[in-house]
Structures are given as C-alpha cells and as structure tokens.
Amino acid sequence: MSSSTSGVVNGGISFWYADDGLPAAAREPLAGDASADVVIVGGGYTGLWTAYYLKQAAPFLRITVLEQKFCGYGASGRNGGWLYNGVAGRDRYAKLHGHEAAVRLQRAMNDTVDEVIRVAAAEGIDAGIHRGGVLEVACTPAQAARLRAFHEAELAFGEKDRELYGARETAERIRVADAVASTWTPHGARLHPVKLVKGLAAAVERLGVTLHESTPVTEIRPRHAVTPYGTVRAPYVLRCTEGFTASLKGQRRTWLPMNSSMIATEPLTDEQWEAVGWTGRETLGDLAHAYMYAQRTADGRIALGGRGVPYRFGSRTDNDGTTRAETVEALREILVRFFPALDGLRIEHAWSGVLGVPRDWCATVTLDRSTGLGWAGGYVGSGVATANLAARTLRDLVQRDSGQGGRTGLTDLPWVGHRVRRWEPEPLRWLGVQGMYAVYREADRRERTTRSAGSSRLARIADRVSGRA
C-alpha cells in the first residue's frame, strides 16, 4: 500500500460519527441565569452517567448538564470502544492504601463492565456491544517478560479468570505476526462509542434531566457554573470535563490533555478475516511502551489507535479531530506489522482526541464537602468503563453529603478524594511529554531490533520522570 494518505477522511470528529451520523439537531443552549440542585459540567460519559444514576436514585432532583459542543463531542465520541476493567493508578493506590483496598477497586472495575452492558440492554441502547474480552499480546522477548509480570500482577489483584497463552494459543485467537505470548481477560467488550453516548443522552433526557448543548462553561466556583449565556447556581457543581479540563479558568495545569489518534480501515473481506482470525472479536492491545489498541468493528473493519502527537503546547485541544499525515502513516505501519496479509488494505478514516492525564497518572473521584465542588476523571485512556464507576461513586458521594445516603462500598474505594500536584508550567510540560514519548518509541525500536529479554533502561527512566512508576 502507498504511504499516501489521499482519500482518507481526516477528522470530522471521528469515524464513529461518520458511521452513525452527527446529531441531527443541537439541544438548546442555556437561555440565561438558572438554578438546579446539581449542575454537571460536561456531556460525555462521566457527566451523563452521573446524571443518569443521580436521577434514578433521587427523581426529585433538578439536574442540569452543560456541554460546550454536543454530548459526546470529546473522548466519549472518539475513543477506541474498549469497555474493559483497567483503571489508571491501581498499583499506586495499593502502595498508598494497601493491597486489599486496590483489590476492591479492581473488583469494582470488573463489575463495571457488566453494569454498562446491563444498562445498555435495559435502556434499549444498541451500541454494537460484543463481549469477547481483552487480548494483550507480546511480540518481543522484552514484551513477553513484561506480559508475564503483568499477568501475575492481575492474578494477585483477584482476577482468577485471566488466562496466559503461548504463541500457538495466541494465533488460535488472533494471528498477530511475531506474537510469542498473550494474556486474555473476559472482563472486556467491544462497543460503538457514539451509539452508546447517544443512547445514554436520550435515556438521561427521558428521566427528566435538562441538557444544554452549545454552552461552554468558562469557570467553576462553589455553587456556580459560569457560561457566556448565564450562570447556573446549584449546591453541587460536578466537573466532568476529562481532557478538556484545561480550558476552565484556573485548571490549565490540573490534568494534561494527552492526544491519542486512530484509524479505521475499509471493511475486510471474508478471506482477509480468515487470514487474520479474530473470530472472538476481542479488543486487542500490546505490551509496547508506546502501546496500540484495536477492535474488530461491528461492520467488519479494524479500528486501531496509538499515540501520534501526544501533546500540544499550552494544553491546547483540537476542534475536529484532524490528524497529521505522519501519524496516520505510523498507525498504518503498526497495522501492517501486526497483520502483514493486510498490506494494501485501504485506510478510510483517521481522527484524534484528548484524554485526561493527572501528574501521577491516577484516576480520581472527589467531592469537596465544604464547597459542593466535585470532579471525576484523569482516566488516562481507560475511561469507557471507568467513567461509569466514577459516576456511581459521585452519586453516592452527593447522596451522603446531602443526607440522602451514607457510606457505601463505592465511597470507600481508595481513589476517592485522592489529590495530586499540578503539572509543570510551559515549556517544561511540553518538553517533558514530547521527550517521554520519543524515549518510549526509541525503547520499543531497540527492543524489536536487539531482541533482548529485558525492558529497555530508557523506558524505565521515562516512567520515573513522567510519574508513571
């Protein structure tokens, strides 16, 4: 296949919107000053799930969601469609709060996969969900060593139904070139992100929640969400803005908006699928330092993602998902390296989006009882399922604070109330992130060429500097 990207639909938010269509009509923006019992800033998965569970638990609550574009415009409409049990920061929470606390967090994430599937069925949301689990592969000796360590760590956190495969068993699931080992968990599913977010928004409206689109929030302060069209006052203001948090006044260094990019191929023929395998429709990842993620879509394509340009100076975010040609080509090269039989397969769409990264790479849920300000996010790319658990936790925190409930198993999870320092000012932030991913890519290159069984020292240094280790 030519390296040319001509003919690729680039941007347009995401392939998922090209496939399912942009919203036919925007919901009305805020018309002026208003009041509510709870105001939620952000109409993505976190904000919509929070509104859903709060309204179900307390139907009398007046809940308003404010969204700057339209529901699902951000990461919720651009992600890889991985509904799985990963949660950012679990190992750090084990160090801070003890192993058993982290085990409880992991079990809650395992259950969350079931919960999203349950609600989608109950609300009649056809999001193309297929529960094939998650297969993560190793293609070098160093990756194989990391994979075995990862597998053992997951078992230690209570995931007893996880399986470890050698090269032959891996190929029986998906024929990834050079794959020498893999680990599989049943706690994962493929889905269509936009169909889920559209269905969730409709379900929230049916419950009586007020959704205002085209309403950017410029500042959040206790009991106030400020927009150009007016201010919504409420005892509780919940920030659910994930990768777009930096656009709020005073939040530029709170979470770093990390950029991730994806491509979607043309539909594969039956013969091409025969060459690839993938009959179980698992979500697919690897153990590279600059890792990839992929799914077999409901309409027979491969959607594959990874880090392209990881960060834009000044915590800027894109508007429409446009992706650099060199990033599209780099993702195409990963596709062909994994599946050489697909060299020549046409790339039909490319897009990008941002995800929220805290300085210590730990997802968090918080409600400040002195101010009524709450927030959830920092999912570091694992937000499809984590947003649901975060939303149920925010529900319980608000109910406890308002006297409608008490402590629950969710409010006692170790990520609740976790605080972390802010990111460095520019240009240190930009230099650090660009340097980190340059090192990760070089580490992956060395591991592929040297075939050493040990992880590159470069990656270990990058982990420590970045705060991931």
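A residue counts as buried when its relative accessible area is under 20%. With that cut-off in hand, welcome to a short tour of this predicted model. The protein comprises 12 helices and 21 strands, and 59% of its 469 residues count as buried.

**Overall build**

- The radius of gyration is 21 Å, which agrees with the value near 23 Å that a compact globule of 469 residues would have.
- Along the principal axes, the C-alpha atoms fill a box of roughly 60 × 50 × 45 Å.
- If you take the contacts between residues at least 6 apart in sequence, 79% of them join residues at least 24 apart.

**The open sheet**

- Here 6 strands line up in the order β10-β4-β3-β14-β21-β20, with mixed pairing, to form an open sheet.
- The edges belong to β10 (210-212) and β20 (364-368); each has a single partner strand, so one side of each is left without a neighbour in the sheet.
- On average, and with direction ignored, neighbouring strands of this sheet are turned by 15° against each other.
- At one end of that order, β4 (residues 63-66) pairs with β10 in the parallel sense over 3 bridges.
- To find this pairing on screen, look for threonine 64, whose bridge partner in β10 is threonine 210.

- Beyond its neighbours within four places in sequence, aspartate 396 is in contact with Thr408, Leu410 and Thr411.

**Helices α2 and α4**

- Two packed helices are described by the distance between their axes and the angle between them.
- For α2 (residues 45-57) and α4 (residues 99-122), the axes come within 14 Å and cross at roughly 70°.
- Angles of 65 to 115 degrees count as roughly perpendicular, and α2 and α4 are therefore roughly perpendicular to each other.
- Where they meet, α2 brings Trp49, Tyr52 and Tyr53, while α4 brings Glu115, Val116 and Val119.

Conventions. Residues numbered from 1 in each chain as written. Predicted model: local features only at pLDDT ≥ 70, side-chain atom pairs only at ≥ 80, totals over all residues. Heavy atoms only, no water. Pairing = 2+ DSSP bridges. Helix = DSSP H or I, 4+ residues; strand = E, 2+ residues; numbered from the N terminus. Axes fitted to C-alpha atoms, helices over the stretch in contact; angles between N-to-C directions. Rg over C-alpha atoms; globule rule 2.2 N^0.38 Å. Buried < 20%, exposed > 50% of the residue type's maximum accessible area, 1.4 Å probe, protein only. Contact = heavy atoms within 4.5 Å. Parallel < 35°, antiparallel > 145°, perpendicular 65-115°, else oblique.
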